[in-house]
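I opened this entry to record what I looked up, region by region. The notes follow the order in which I went through the chains.

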Amino acid sequence: MLIADQVTRQVRGRRIVDSVSARFEPGRLHLVVGPNGAGKSTFLKMLGGEVRADSGHVRYGEADIRSFSWHALAKMRAVLSQNVEIAFPLRVREVVTMGRYPHFQGRPSAADERVCDEVMGFFDVEAMADRDYLTLSGGEQQRVHFARVLAQVWLPGTPRYLLLDEPLSFLDIHYQLEFMRKLKALAQREELVVVGVVHDLNLAARFADRLLLLHEGRLVAQGSREDVLTRENVEAVFRVSPRLVGNAGGPAMLWFDEAREFRGHHT
Amino acid sequence: MPARPRADPYAGVIPLLVLALVAVAVLSIRLGAVPIGFGDMASALAKLRTAPDALDLTERVFLDLRLPRALACVLVGASLGLGGVLLQALFRNPIVEPGLVGTSSGAAFGAALYFVLGAALKFHAGEWTLPVAACLGGALSTAAVLGLASAAGGYRESTTAVLLVGIAVNALFLSGVGFLSYIARDPQARSITFWGLGTLSGASWRAVALLAVSTGLGLFWSLRAARGLNALMLGEGEALALGVDVKRLKLVVIAVNVLIVAVATAITGIIGFVGLIVPHLLRLLRGSDNRFLLIGSALLGGIVLTLADLGARVLLRPAEMPIGILTSAVGAPVFIALLRGRKSRIE
């Protein structure tokens, strides 16, 4: 269980995250949605420990996040950031092996090597294991980082936590769906606590066990997609009107029209 | 699933570099104004124990000049190579030099102050006055860079601020050096210029001892930081997420860099391009694992500097060229060639 208790973060007097409280349970996929500047990334960084809460508490199980060393934290929670830029030539396998850094000293053990092989297989990057990371496409690089981040929390033991900031941004639609499906299955099977930030409301609605809607730093709604993605919420927060479109044989999906009262701002 | 046997891409390089370093060092000892044979070396080492008063001229040249100089070359080259890896990894930028945080320009300023005003100062430490002045200058300018950078906010990663402030502080201290050369009398100005170009001619056994301590400590602490630096290649947030105490890592890396670069610069003057090119070359050849790069760059730095010193002593024989002229003259085109052919060969 990962708990945010009234966490607040201020930057120059402005509340980027404003007393947000939420509980994240093992085995379930929690997705955070919200418009640009809603505080999603900052909230995720507070959960991961990179950004400290000015007030409020983040707790892993019973223990406050501040009671963990960086190393102790890294053994149980992995973080995928929005944008990873590497300036040096590294093999894909080397990048993935870094995910095991919290778990070994010196050289990786046979178990660590096996984990790396498994996660690379799981995310379909094993064929690139010996290629230079810098020569990969954006989507391929992102899959390499999935593998790295999953490697960090692959083996059972303590409760495990996975925090993902916009994991889908460079993926084509095939890999977006596949990633969400695999992630959901993995969370259930392995009892992972998963919190992710995504932009695509359709994907969020389709895969989330629980949605959180952030707007201007505040938690506007949380719960099932029916509770959260209501017409009123979507119009108020995203400034668009949702429309449910269904076609024979295809999945129902949300379409968005620019809300009339805001149209003038963009022309 | 059985683990596939996989080849270590870094295998074999380090032993090769060790052999090359020994070969180059021996070559450098043998060649010079007075050629020295293996027999001279053996007899000199034997006499050192039994009859130190019976050493002949050749043996004395070997023991008092060539051997400490060769060792100093190896140690200074190793320091510059290590410093290059450390700062390139810290700034996540492959074209950063160890002098970037202001250490060497500050050292040059300290040295120039000593040359111009040294006679007027009450402070004297014998043959150590120049190195001490340079070390103080290096430490001072580095402290200035770090202090000013921490006050300059607004950058996503604090290293960007250090980089920019470093450029400014370097320019400031070099203008100070320029001013001192301008007001200096001719011989003093000449000393400043020579020191700015670097030379190993001051390599004494005491200098070797000091370098051995700084380089040894530097290598030890760098290797302990190597894994953290690997994680840092992904970015500061990722390194934190992987359990690296990034604040502490930066502190250790900068402290180690100041120690090794300030000591090396204080003894030899400014030697450019070695710290830039050596890690770059190894990275292109094999990859970026810092555990490999640190050891490899220490060895290759020693090789490159030894060769450069050999060239500096032999090319204009019997005169001796400042080594910095050679490293920059050879280093600059090599660097440009590396950039032009910038295609990683790790596949």
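The domain bounds I use here come from an automatic or database domain assignment. On that basis I noted that chain A is divided into domain 1 (2-229) and domain 2 (230-267). I kept in mind throughout that this is a predicted model.

**Domains of chain A**

I looked up how far apart the two domains lie, and their centres, taken over C-alpha atoms, are separated by 28 Å in chain A. For the contact between them I found 11 residues from domain 1 of chain A and 7 residues from domain 2 of chain A. On the domain 1 side that touches domain 2, I wrote down α7 (201-207), β9 and β10 of chain A, each of which supplies at least two residues. The largest share of that side, 3 residues, comes from α7(A).

**The six-stranded sheet**

I then traced an open sheet of 6 strands in chain A, whose order is β6-β7-β8-β3-β9-β10 and whose pairing is mixed. Why is one side of β6 and of β10 left without a neighbour in the sheet? I noted that β6 (77-80) and β10 (218-223) of chain A stand at the edges with a single partner strand each, so one side of each has no neighbour there. From one strand to the next, the twist averages 15 degrees.

Within this sheet I followed β3 (residues 29-33) and β9 (residues 210-215) of chain A, which pair in the parallel sense over 4 bridges.

**β1, β4 and β5 of chain A**

I next looked at β1 (residues 2-11) and β4 (residues 55-60) of chain A, and found that they pair in the antiparallel sense over 5 bridges. Here L2(A) has Y60(A) in β4(A) as its bridge partner. Y60(A) also has a bridge partner in β5(A), namely A63(A). The strands β4(A) and β5 (residues 63-64) of chain A run antiparallel and are joined by 2 bridges. These two strands form a hairpin with 2 residues between them, and in the turn G61(A) has a positive phi of about 65 degrees.

**The nonpolar core**

I looked up the largest nonpolar core and found 182 residues in it, with V119(A), A147(A), A72(B) and A111(B) having the most contacts inside it. Helix α3 (residues 57-91) of chain B gives the most to this core, 19 residues. The core also draws at least three residues from each of domain 1 and domain 2 of chain A. Around V119(A), once residues up to four places away in sequence are set aside, I listed V96(A), A147(A), L150(A), A151(A) and W154(A) as the residues it touches.

**Helix α5 of chain B**

I checked α5 (residues 129-151) of chain B, whose 23 residues reach 33 Å from the first C-alpha to the last, close to the 33 Å expected at 1.5 Å a residue. Among its buried residues I noted L130(B), P131(B), C135(B), G138(B), T142(B), V145(B) and A149(B).

**A87 of chain A**

Last, I looked up A87(A), which is found in the loop between β6 and α3 (92-98) of chain A. Is A87(A) buried or exposed, or in between? With 15 other C-beta atoms within 10 Å, A87(A) counts as partly exposed, because a buried residue needs 20 or more and an exposed one has 12 or fewer. Leaving aside neighbours within four places in sequence, A87(A) is in contact with R92(B), N93(B) and P94(B). I also noted that 26 Å separate the C-alpha atoms of A87(A) and V153(A), which are 66 residues apart along the chain.

Notes. Residues are numbered from 1 along each chain as its sequence is written. Chains are lettered from A and ligands numbered from 1 in the order in which they are written. This is a predicted model: local features need pLDDT of at least 70, side-chain atom pairs count only at pLDDT 80 or more; totals for chains, interfaces and linings use all residues. Two strands pair if DSSP finds at least two bridges between them. Axes are lines fitted to C-alpha atoms, for helices over the stretch in contact, and angles run from 0 to 180 degrees between N-to-C directions. A nonpolar core is a set of buried Ala, Val, Leu, Ile, Met, Phe, Trp, Tyr and Cys residues joined through C-beta atoms within 7 Å. Two residues are in contact if their C-beta atoms, placed from the backbone, lie within 7 Å. The expected span of a helix is 1.5 Å times one less than its number of residues.
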